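Q: Please take a close look at the aromatic rings of this predicted model. Which rings pair, and how are the pairs arranged?

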Amino acid sequence: MGGDERSLDRKPTLTTPPPQGDVKVAQATSKPVAHDWRPDRFMVIAAHPDDADFGPAATAARWIDAGSVGWLVCCTSGDQGGENPDADPLELAATREREQRAAASVIGYEGVTFLHHPDGALANDLALRELLVREIRTFRPDAVLATDPEAIFHRGGGVNHTDHRAAGMAAVDAVYPAARNPMAFASLARDGLAAHAVRRLYLFWSERADAWVDVTGTLQRKLDALAEHRSQIKDLDGLAERIRAWAAEEGETIGAGAAESLRLIVIDEDEDESKG
C-alpha cells in the first residue's frame with residue numbers, strides 16, 4: 001500500500017494558523033469558518049490508488065454533489081502496495097486500478113487516469129510533468145488538489161511517503177508554470193492542447209492547513225470509497241472509526257460535525273473571490 005492506512009494510526013495534529021487566502025473569519029470569535037468556494041471543474045492528482053480516498057474524497061464528493069465535475073489522476077498503479085514479496089506486481093496493479101475505479105464511481109468522478117509510473121520510484125521529472133500537463137490541458141480544471149510536497153515529517157508522528165512528496169511537487173510544477181505556458185511542451189499545443197491556467201491549488205495532508213471544508217454530509221461517501229480498496233484495508237471498521245474521529249476533530253475548527261483541511265494557494269484571483 002502507499003503507507004496511508006498506517007499513517008492514520010497516528011493522531012493527526014490540527015493546525016490553526018492565521019487565516020490566509022479566502023478563509024473567512026468570524027469577527028466576533030476570530031475563528032475560521034467553512035470554506036465555501038467551489039470550482040466548476042477540479043482535478044485530484046495523487047501518487048497511488050487510494051491516496052485520493054484517504055485524502056480529500058469527502059470534499060470531492062461535496063463539490064460533485066453541488067455541481068462540480070471532477071477527474072482523478074493516479075501517477076502509479078500501486079504495484080508495490082502489498083506485503084508478499086512473491087506477489088506479481090502487474091496483477092496487484094491491475095487489482096488496485098479496479099479498486100480505484102470502483103471508489104471513484106462512489107465519489108462521482110467523471111473519470112480516472114493512470115499514468116503507470118513505478119510505485120516507490122516516482123520522480124518529479126520532465127516525463128511525469130509532461131503527462132500531468134497533458135491531463136490538465138485536456139480536462140482544463142479550475143482547481144487542482146494534490147499532496148503538500150512540503151510535508152516531510154508529520155507533527156503527530158510519521159514520515160510522508162516519498163511518492164506523495166514527488167507527486168505533489170510534480171502537480172505543482174505542472175500547474176505553474178508549465179500548463180499555462182504555451183511554449184512548455186509545445187508539441188502538446190501543436191496537437192491541439194492549448195495552454196490552460198489553473199486558478200487554485202488545494203494541498204492535502206498538509207501541516208499548514210488554512211481552509212476547512214464541511215464534509216458532514218459526505219463523510220460516509222469517503223468511507224464507502226475506502227471500502228473498495230479491499231487489497232489494502234484489513235480492518236475497515238477500525239479505519240472508519242479513526243477517520244470519523246479525525247474528521248470530527250477537524251470539524252471543531254469551524255463548528256461542523258466533520259471537516260477536511262486543505263492548504264489553499266490562490267494563483268489567479270477572479271470575480272468569485274468574494275464568495276470564498
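A: **Aromatic pairs and their surroundings**

In this predicted model, the count comes to 5 aromatic pairs. One of them joins Trp-71 and Phe-139: the ring centres are 5.7 Å apart and the planes meet at 40 degrees, so the pair is classed as tilted, since an angle under 30 degrees would count as stacked and one over 60 as edge-to-face. Trp-71 belongs to strand 4 (residues 69-76), whereas Phe-139 belongs to helix 5 (residues 126-139); the pair therefore ties together parts that are 68 residues apart in sequence.

Phe-139 has a relative accessible area of 7% and is buried, because the limit for that class is under 20%. The ring of Phe-139 also has a charged neighbour, as Arg-41 lies over its face at 4.1 Å from the ring centre.

Another pair is formed by Phe-204 and Trp-205. Here the centres are separated by 5.0 Å and the planes by 75 degrees, an edge-to-face arrangement. Both partners fall in the buried class: Phe-204 has a relative accessibility of 2%, and Trp-205 has a relative accessible area of 17%, a value that counts as buried because it is under 20%.

Ring pairs also link Phe-42, Trp-63, Tyr-109 and Tyr-202 into a cluster.

A further contact between a charge and a ring involves Arg-200, which lies over the face of Trp-37 at 3.7 Å from the ring centre.

Key. Residues numbered from 1 in each chain as written. Predicted model: local features only at pLDDT ≥ 70, side-chain atom pairs only at ≥ 80, totals over all residues. Heavy atoms only, no water. Phe/Tyr/Trp six-rings, centres within 6.5 Å; stacked < 30°, edge-to-face > 60°. Helix = DSSP H or I, 4+ residues; strand = E, 2+ residues; numbered from the N terminus. Buried < 20%, exposed > 50% of the residue type's maximum accessible area, 1.4 Å probe, protein only. Lys NZ or Arg CZ within 6 Å of the ring centre and 35° of its normal.
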